[in-house]
Amino acid sequence: MTNEEIKTKVLAALAAVAPELEPGTLAPGANLRDELDIDSMDALNFLVGLSKAFGIDIPEADYRKLSTLDAIVGYVAARVGKR
Amino acid sequence: MAEFLLPKLGADMSRGRLVEWVKKPGERIARGEVIAVIETDKANVEVEAFESGTLEKVLVEPGDEWLPVGTPLAVIGAAGAEAPAPSAGEKPARKPEAAVPAAAKPAPEAPRVPAVPPPKPKPPSKAPPPHAPAVPAPRAAEGTRLPASPVARRRAAELGVDLATLRGTGPDGRIVLADVESVAGAAVAKRPAGRPAPAAPLTAAEKAQEKRARMREAIAAAMARSKREIPHYYLGTTIDLTRAMAWLASYNAERPVTERMLYGVLLLKAVAAALREYPELNGFWTEGRAQLADSVHLGVAISLRGGGLVAPALHDADKLALPELMRRLQDLVTRARASSLRSSEMTDATVTVTSLGERGVEAVYGVIYPPQLALVGFGKVVTRPWVADGEVAPREVVTATLSADHRASDGHRGALFLDAVDRLLQEPEKL
């Protein structure tokens, strides 16, 4: 899976919790919580979406690594690659 | 036979719009079943029947008119009674503009005890896919009720879009607003040049702005009433959450992301359990006195995307095990933000809990939602130097606050309540 394909799926999972998201306007390095006004329930639902979309589990200890779009794509790429 | 009146779904509701009938004349209705969808100033609400029977006749059709609370919407016959066949001279259902009764009956007040059984929790909604333009679908069979969100139905009616031609992209194929608007947008783009466009409806942005304004008005009315009528007193305490947070981390570490809990669930459960010990904080001030509730239905303040908030009820929160409470909270938040709450959830809350910790504040001293008796607030969980057993150590702490109605309780009991919340949180495994 390419990074671009991963990014598309990540944005889809994000749009599920933040329907007003305009993917083209999201800066790759922007903090998602601040940018999209995501709270802990949104964040959990997003992680559930990621988990289902990529078939990976995401340990709670890794949550802090997933603050930006770029970071999430990199994280998922590494996890998917390891399977 | 009874009239089904436009119910009052909260202290801040004075009017509503009938979005759709979920049941048709002649259909049987079980108590607690959704009978209609009502738009209030704050949300679309699925209204449940207060009693079983047969929907004999609808008196009002869905429309854009605002109807005062208490407007008769339908006639419901006794359970087991057959719906009468319409007579030749019978008047059809009124359009909303004619629906306001000369002397509206008293509105059904928000029930002080649940008028309907707590709704069976739905599983958490599946994450919908991104809103790609809806693909035309094969026509649904006649008479088949299409799965569509209330707001999508309403928008489809406004734009003249036939829902049967759409393929929904929402959870389980549900048709959502974006599906309707994407097709409507395509239709506009295809309109031949020179043909006049129909009268322009409000744009999505204008509608959103109007909805926000209405919501602010509703909140303003309730909060002004609260500050005008309720003599609040405020208390606060700092609670050591270190043990609870460690227990939760350990719990979550053993489970997949789909089964993990948020620390807020521990707070909610502790509040619910403490209210069993201090019932004078759980109930309503009505008819000049405190009427305590038999059940603990926590109103959970949920901020909505785009502004505003609702505080629907988590029924019987004191009786639920933590995983079930988490599941119901997740479902409630998801549906609140999708404007898909039920009337019992809008009316049954016996106390409200709010948390603004995620927005960085350390304490919140809230305004009681009338006619409730109290509101419990939580701030941010922070690490602080803490003295325990004569030693200073870093601890994770949270500030819990209580805003309570001084007519119904005194500071002494309020303080004991906060102390109980603290005590319960020290043994999270027993919650």
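Two residues are said to be in contact when they have heavy atoms within 4.5 Å of each other. With that in mind, and remembering that this is a predicted model, a place to begin is B:Ser295, which lies in the loop between strand 11 (289-292) and strand 12 (298-300) of chain B. Leaving aside its neighbours within four places in sequence, B:Ser295 touches B:Arg276, B:Asn282, B:Asp316 and B:Thr350. Its relative accessible area is 17%, and since buried means under 20%, B:Ser295 is therefore classed as buried.

Elsewhere in chain B, strand 8 (residues 72-77) has six of its six residues buried, so this strand is largely enclosed by the rest of the structure. Strand 8 of chain B pairs with strand 1 (residues 2-5) of chain B, the two running antiparallel and being joined by four bridges, and within this pairing B:Glu3 has B:Val75 as its bridge partner. Strand 6 (residues 53-58) of chain B also pairs with strand 8 in the antiparallel sense, again over four bridges, and here the partner of B:Thr54 is B:Gly77.

Turning to the helices, helix 5 (residues 263-277) of chain B has 15 residues and spans 22 Å from its first C-alpha to its last, close to the 21 Å expected at 1.5 Å a residue. Its buried residues include B:Val265, B:Leu268, B:Ala272 and B:Leu275. In chain A, helix 1 (residues 3-17) likewise has 15 residues and reaches 22 Å, close to the expected 21 Å, and among its buried residues are A:Ile6, A:Val10, A:Leu14 and A:Val17. An α-helix has 3.6 residues a turn, so residues three or four places apart point the same way.

The last step is to see how the two chains meet. Chain B and chain A bury about 1900 Å² between them, with 51% of that area on carbon and sulfur atoms. On the side of chain B, the residues that lose the most area to chain A are B:Val257, B:Arg260 and B:Arg305, together 34% of what that side buries. The contact draws on 20 residues from chain B and 25 residues from chain A.

Between the two chains there are seven salt bridges, and B:Arg260 forms a salt bridge with A:Asp57, in which the closest N and O atoms are 3.2 Å apart. The elements that give two or more residues to the side of chain B touching chain A are helix 4 (242-253) and helix 6 (322-337) of chain B, and helix 6 gives the most, with six residues.

Terms used
Residues are numbered from 1 along each chain as its sequence is written. Chains are lettered from A and ligands numbered from 1 in the order in which they are written. This is a predicted model: local features need pLDDT of at least 70, side-chain atom pairs count only at pLDDT 80 or more; totals for chains, interfaces and linings use all residues. Side-chain values use heavy atoms; hydrogens and water are left out. The expected span of a helix is 1.5 Å times one less than its number of residues. Buried means under 20% relative accessible area, exposed over 50%, partly exposed in between (1.4 Å probe, protein chains only). Two strands pair if DSSP finds at least two bridges between them. Buried area is the accessible area (1.4 Å probe) that two parts lose on being put together, summed over both. A salt bridge is a side-chain nitrogen of Lys or Arg within 4 Å of a carboxyl oxygen of Asp or Glu.
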